[in-house]
Amino acid sequence: MTILVTGGAGFIGSNFVLDWLADASAEPVVNLDALTYAGNRANLAPLAGDARHVFVHGDIGDRALIDQLLATHQPRAVLHFAAESHVDRSIHGPGAFMKTNVDGTFTLLEAARAHWGALPAEAKAAFRFHHVSTDEVYGSLKPTDPPFTETNPYEPNSPYSASKAASDHLVRAWHHTYGLPVLTTNCSNNYGPLHFPEKLIPLMIVNALAGKPLPVYGDGQQIRDWLYVKDHCSGIRAVLAGGRLGETYNIGGWNEMANIDIVKTVCALLDEMKPDPAGQYERLITYVTDRPGHDRRYAIDARKIERELGWRPAETFATGIRKTVQWYLDNADWVHGVQSGSYRDWVSQQYGATR
Ligand code: NAD
Ligand code: DAU
């Protein structure tokens, strides 16, 4: 038995593969990743020499490759993480998001359908296609709205969230029409080790340590529901193991926080763990032009996954963010490695003079 993971060199995918294979009795993993700017083989360095991990450099849009991987490895499940994932990049260049998140998911679904359709009865019944998605498909909440449940209407507002919503709809339709045994999880904002420093929390940590401005969009009062990445991974494992076919499960941290409070928390931890002789890190906070179409608030109602599968996050924000800051302090080489020319080009394009 094997599982096929897509996007397993990215932030969440690599955490998932590392956690999965930390169990000595775990099934092997075939890890398909195109190694875009967000994919990093160094994330998987602890698996060097581990025969249970087969890394394949390739694109989910390559149908011949997917067919070959499914035929060769006969995975009992596909866990689909691969995506273009950064909202700001989707505003500058939505094309890549349509290609990977929509067309790529379509190709993967078609390959999975053909493979699954030809399986013998027992393997066919056991097969799963698990689609990893986001809470952003539900749109933006008002301050007094209840958190998103699985029945909220889809109201995506950015090119990224529209492309993820499209992929969710494809997955749903492939179940409804063809019977493909799918599961979908919609998760809130993740943070933790191996998070690429284009996203809020790792960007704030690496900029603060470099004495650079901490760019807060608009008034900094936008709210996200933060979940430690290892808890997202355990939620996915719970749904893969026991989720009902064709169902969606929201995964979240019960932890709504305004961006400015996130940034101040990171600053306070750095003041404690790596004091800067030049002064407190909060001095670096810089309010910058808001993100176009910026969603004001996300929050997840995670009662369904708890009720049906007994899942709850293990970390609080206080424990998870401390571990995260410590990880970045301990892994300066990793940070240095991802700050390539293309990363510097992105930072300069996005933040211009504030850098
Ligand atoms: P990421 O950008 O860190 O990693 C994406 C990975 O996919 C990279 O390794 C990249 O090389 C790979 N990839 C991109 N295009 C590909 C293609 N065409 N073929 C094969 N591989 C390709 O993303 P992430 O933050 O780890 O997110 C993983 C998944 O989780 C995404 O589907 C995202 O929508 C979803 N998600 C993310 C969050 C979050 O907070 N980061 C929250 C909820 C859901
Ligand atoms: O909600 C789940 C989503 O969370 C995932 O689907 C996405 O893949 C993931 O990137 C994340 O999207 P966000 O847009 O919420 O994450 P980001 O880290 O880009 O931004 C978090 C908040 O911080 C958001 O309100 C924008 C703000 N922000 C972000 C950056 C990069 C800033 O104020 N300054 C910044 O420099």
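Is H86 buried or exposed in this model? H86 is buried, with a relative accessible area of 3%; buried means under 20%, exposed over 50%, and partly exposed in between, using a 1.4 Å probe and protein chains only.

Some housekeeping before I go on. This is a predicted model, in which local features need pLDDT of at least 70, side-chain atom pairs count only at pLDDT 80 or more, and totals for chains, interfaces and linings use all residues. Residues are numbered from 1 along each chain as its sequence is written, chains are lettered from A and ligands numbered from 1 in the order in which they are written, and side-chain values use heavy atoms, with hydrogens and water left out.

Back to H86. It sits in the loop between β4 and α3; helices here are DSSP runs of H or I of at least four residues, strands are runs of E of at least two, and both are numbered from the N terminus. Setting aside neighbours within four places in sequence, H86 is in contact with Y37, F97, E198, K199, R291 and W346, where contact means heavy atoms within 4.5 Å. D59 is 27 residues away from H86 along the chain, and their C-alpha atoms are 18 Å apart.

Next, S90, in helix α3, residues 87-92. S90 is buried, at 0% relative accessible area. Apart from residues up to four places away in sequence, S90 touches F97, S158, P159 and Y160.

Now the aromatic residues. The whole structure holds 17 aromatic pairs. Rings of Phe, Tyr and Trp, the last by its six-membered ring, pair if their centres lie within 6.5 Å; planes under 30 degrees apart count as stacked, over 60 as edge-to-face, and the rest as tilted. W174 and Y178 make an edge-to-face pair, with 5.4 Å between centres and 65° between planes. Both residues belong to helix α6, residues 159-178, and they are four residues apart, about one turn of the helix. In general, an α-helix has 3.6 residues a turn, so residues three or four places apart point the same way. W174 is buried, with a relative accessible area of 11%, while Y178 is partly exposed at 35%. Elsewhere, Y138, F148, Y154 and Y298 form one aromatic cluster.

Y178 also has a charge over its ring: the charged end of R113 sits there, 3.8 Å from the ring centre. The criterion is NZ of Lys or CZ of Arg within 6 Å of the ring centre and within 35 degrees of the ring normal. K124 lies over the face of W116, at 4.7 Å from the ring centre.

On to helix packing. How do the axes of α2 and α4 cross? The axes of α2, residues 63-73, and α4, residues 95-117, come within 10 Å and cross at roughly 35°. Axes are lines fitted to C-alpha atoms, for helices over the stretch in contact, and angles run from 0 to 180 degrees between N-to-C directions. On the α2 side, R63, I66, D67 and L70 take part, and they meet T107, L108, E110, A111, A112, A114 and H115 of α4. By class, this contact has six nonpolar, two polar and three charged residues. Ala, Val, Leu, Ile, Met, Phe, Trp, Tyr, Cys and Pro count as nonpolar, Asp, Glu, Lys and Arg as charged, and the others, Gly among them, as polar.

Helix α7, residues 200-209, is mostly covered, with eight of its 10 residues buried. Those buried are I201, P202, L203, M204, I205, V206, N207 and A208. Their cover includes β7 (190-191), β8 (214-217), α9 (259-273), α11 (317-330), α12 (332-338) and α13 (341-351). After α7 comes G211, whose phi is positive, near 70°.

That leads to backbone angles. Most residues other than glycine have a negative phi. L35, not a glycine, has a positive phi of about 50°. L35 lies in the loop between β2 (29-33) and β3 (53-57) and is partly exposed, at 26% relative accessible area. Q74 also has a positive phi, near 45°. Q74 is in the loop between α2 and β4 (77-80), and at 42% relative accessibility Q74 counts as partly exposed.

Last, R303, in helix α10, residues 303-309. R303 is exposed, with a relative accessible area of 51%. R303 and N250 are 53 residues apart along the chain, with 8.2 Å between their C-alpha atoms.
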